[in-house]
Amino acid sequence: MRHIKIILLLFLFTLPAKAEVIPDSLYSMANKFYSEGRYAEAATLYDSLINSGYTAPEVYFNLGNACFKMRQIGKAILNYERANRLKPFDEDIRFNLQLARAYTVDKIESLPEFFLTAWWRAFRSLMDSDHWMILSIVLFVVSLTLILLFLFSAQVNRKKIFFSLSVLFLLGAILTGISGYRQSKEFHARNEGIVMVPSATVKSSPDAGSSDLFVLHEGTKVRIEDAVGQWVEIRIANGNKGWIEFSNIEII
Amino acid sequence: MRREFRYVLPLVLVLVNSVTQVPAQDVDFKASAPSVVATGEPFEVVYTLNARPEQFRQPEFSPFELLGGPSTSTSTSVQMIGTQIRQNITVSYTYYLRANSTGKFEIPPAQATIKGKNFSSNALSIEVVKGSTPASQPQQGAQSPSGEEAESIKGGKDLFAAFLVDKRNVYLGEPVIVTLKVYDRMGLSRLAPPKLPALQGFYKNDIPTPELRQLTRENVNGQIYNTGVIARFILYPQKTGDLTIGSVEFNGAVQRTVTRRSRSWFDFDFDFPTIQEQPVTFRSEPVTIHVKPLPPGQPANFSGTVGDLSMAASIDKPELNTNDALTLKIKLTGKANMKMINPPVVSFPADFDAYPPKANVQEEYTTEGTTGSVTFEYIAIPRHPGTFTIPPVSFSYFSPRSNEYKTLASQPFSVTVNKGREDTTITVVSGLSREDVRLLNQDIRYIKRNIPDWKNKQLLLDSHLFILWYVAPLVLFALLIGIRRKTIRERADAARMRHKRAARLAAKRLRKAEKAMKNQQQDEFYEEILKAIWGYLSDKLMIPLANLSRDNAWQALSERGISGELKEQLGKIIDTCELARFAPAGTLPSMKETYENAVVLMEKIDQNLK
């Protein structure tokens, strides 16, 4: 009986540990290759990690670095963007992404946004979804407590204060909740892509024979709005729209 | 002889001093003669020695015809240097020769024996051209009207100047050596220094040229001219295209024989020749030089230097302390316009404070071009200890000779910097050793090396149970509200019950009081009356008995519409009841009266209470 228990315990401990050994050693080996300047080998290892489902932001970041060192700017930006999606407030990821963007050919002026929209976007980008949601719950609880205080309080002045505060906190909870929700939508959205070929022609309709609208170059970010067969409709930051072959881009 | 311009023939005759002896090894035995002569023209060959020979053997002069000689002359001079007296002797033998046939001939060396030792002079090479009647003579005669000696004449075929350039098709920056020469067959006797033209598009270096004292004979297309070099310079074209060296105007004078005819009183013509100077002007032809751009494929560090160079680089010490100066010298030697060489770029380690280089140029201008060297001195001060490498310094130039760009490179230098003494920080310019982090280069941040969390990222919102975080506080909230409501309601119910029962309780107490009255139990009676009144007030006004006082009871009563009269009566009854326990009997209203008053009053209050 005792033996069986020990074996069971061992089994329990070794099973998860064994599963972690493989990605750890692969990751360390890739890092070692990178530090020795063997970027191609490092990139292959990082790639295999990602293909096996070990999609940590660090892996994407390091793969992006390896690609950048090999001057594969498109792939570098793609991986930095993926890392940034998983870990939106990492300073290193943002820095390298920005630097890699400086190496792209296309200089696209962003369309000016309505100032309220811009503020709203800036506001909800302050934190990621989880933090917004935690904040929302805290505010909600505080708001409920204040309502209780309002109800139980005997003095009229205090009642007024508690009531207005509770309304304020409830509004805060709603606002942060919406922010968190939007952020989670954005996290899951798969409607952005990076141009992966040195240059790709954007057509006016999903047909190779249609007229050329503009040319995009490697590393440019596009928003995917529609898809027909092998073609996707994209929009770039300056608002221009067109159709491009799906093989030219890769979803972030 | 007369045509020779300032012909110097030292004929200082003999001041014999037999003591003079020159050491044998210093014997200087030279032969000199014009390099070009015309047929039929007499010329001199002079042998000069600086010692008196015991024997002098003249060479075979054929095919020249010996007209006369040797005429021997000796000159001595005394030189005093400090206390030393030195006597120099010059012995010369002059022969007069004439050539009869054209061609190039050689006169073998002459032999001389001095103190029993044999010496020989240099051999002479003489070119003989076909003799022509000297151009100046007939022209002079034809062109000279009597008495107009001051008229200026123009030079021409017999007197001209020319710029001689060594090449007319050059690369940008490739030197051109220019010689300004004057050619004369007219007997030039005086020449003012000419004003050289402005040389636009060129950088000029003058080649030092001795002052023109004597023209030399030269064969120019079969004609013997007396020539002289006026100026020599090196030109560096600074722009491409056709550049022109402008013409130069010369002012001088020629010597000429004029036959002057004078008329005597006796109507007797008398011709006599005189030598007189006549001003002459002549100019040189402009010269065009085609400058082509340098061929393509310039190295990145090429800065326009054209020539042939070699480089040497050195550092003064491979090991030094922080804040000591390190000197790196780069010396470029060869043929180029040294002053125009830009210093090569030295990439000192970023931690070094580097100063702009100092250039030290040494140039010599010869007919070969500009030669010399330029030394660049770079001073750098390391601020931090460590081992640093100064990468190789490279310098590129264009070699017109091989028609290609060449790059010179030094070896890399390794410098070890040791930590200097602490007190040397005074040499650091900006305070303490703190300094801003300098942005040397933009590069991506290094990879992350921490083992990541392999769990796939899940957002809180991805879980449907997340809503519980809102629901749970809400449920708790509702629960609390419910409990509160319930207790309030319960309390309210209890009060209402007591309110309802108030009159009944009061009546019960009053009945007890009545019973006590009948039994003449005075204390009990008043106590029951008080209990009835306070109990009633407590229940009706919903004030707990313990908190009830006359003040708050009266206030509550007036709030509920009880008049002051009733309150006064009530007060009186309470006073009576409280006093009755201590006051002697008879001073107070009877029990019966008190009882009746209380019953009436209670009824009234009960009716009026809102």
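The chat below goes through a predicted model, chain by chain and contact by contact.

Student: Before we start, how are things numbered, and which cut-offs apply to the model?

Tutor: Residues are numbered from 1 along each chain as its sequence is written, and chains are lettered from A and ligands numbered from 1 in the order in which they are written. Since the model is predicted, local features need pLDDT of at least 70 and side-chain atom pairs count only at pLDDT 80 or more, while totals for chains, interfaces and linings use all residues.

Student: How many helices and strands are there in chain A?

Tutor: Chain A has eight helices and seven strands, where helices (H or I, at least four residues) and strands (E, at least two) are DSSP runs numbered from the N terminus.

Student: And what percentage of chain A is buried?

Tutor: Of the 252 residues in chain A, 33% are buried, a residue being buried if 20 or more other C-beta atoms lie within 10 Å of its own, exposed if 12 or fewer and partly exposed in between, with C-beta atoms placed from the backbone.

Student: How do H3(A) and H4(A) sit against each other?

Tutor: The axes of H3(A) and helix H4 (residues 73-86) of chain A come within 8 Å and cross at roughly 160°, the axes being lines fitted to C-alpha atoms, for helices over the stretch in contact, with angles from 0 to 180 degrees between N-to-C directions. That makes H3(A) roughly antiparallel to H4(A), as angles over 145 degrees count as roughly antiparallel, those under 35 as roughly parallel, 65 to 115 as roughly perpendicular and the rest as oblique.

Student: Which residues of H3(A) and H4(A) meet?

Tutor: Among them are Tyr60(A), Phe61(A) and Phe68(A) in H3(A), and Asn79(A), Tyr80(A) and Leu86(A) in H4(A); residues are in contact if their C-beta atoms, placed from the backbone, lie within 7 Å. By class, this contact has ten nonpolar, two polar and two charged residues, where Ala, Val, Leu, Ile, Met, Phe, Trp, Tyr, Cys and Pro count as nonpolar, Asp, Glu, Lys and Arg as charged, and the others, Gly among them, as polar.

Student: What about the contact between the chains, how many residues does it take from each?

Tutor: It takes 34 residues from chain A and 23 residues from chain B. The largest share of the side of chain A that touches chain B, ten residues, comes from H7(A), and the residues of that side divide into 21 nonpolar, eight polar and five charged.

Student: Over to chain B: in what order do the strands of the sheet with S2, S10 and S7 run?

Tutor: That open sheet of three strands has the order S2-S10-S7, with mixed pairing, and two strands pair if DSSP finds at least two bridges between them. Strand S2 (36-38) and strand S7 (103-107) of chain B stand at the edges, each with a single partner strand, so one side of each has no neighbour in the sheet.

Student: In which sense do S7(B) and S10(B) pair?

Tutor: S7(B) and strand S10 (residues 124-129) of chain B pair in the antiparallel sense over five bridges, and Ile107(B) has Leu124(B) in S10(B) as its bridge partner.

Student: Last one, is Pro344(B) buried or exposed?

Tutor: Pro344(B) is buried, with 22 other C-beta atoms within 10 Å, and lies in the loop between strand S25 (326-336) and strand S26 (352-354) of chain B. Leaving aside its neighbours within four places in sequence, Pro344(B) is in contact with Asn301(B), Ile330(B), Val393(B), Ser394(B) and Phe395(B).

Technical notes
Contact = placed C-beta atoms within 7 Å.
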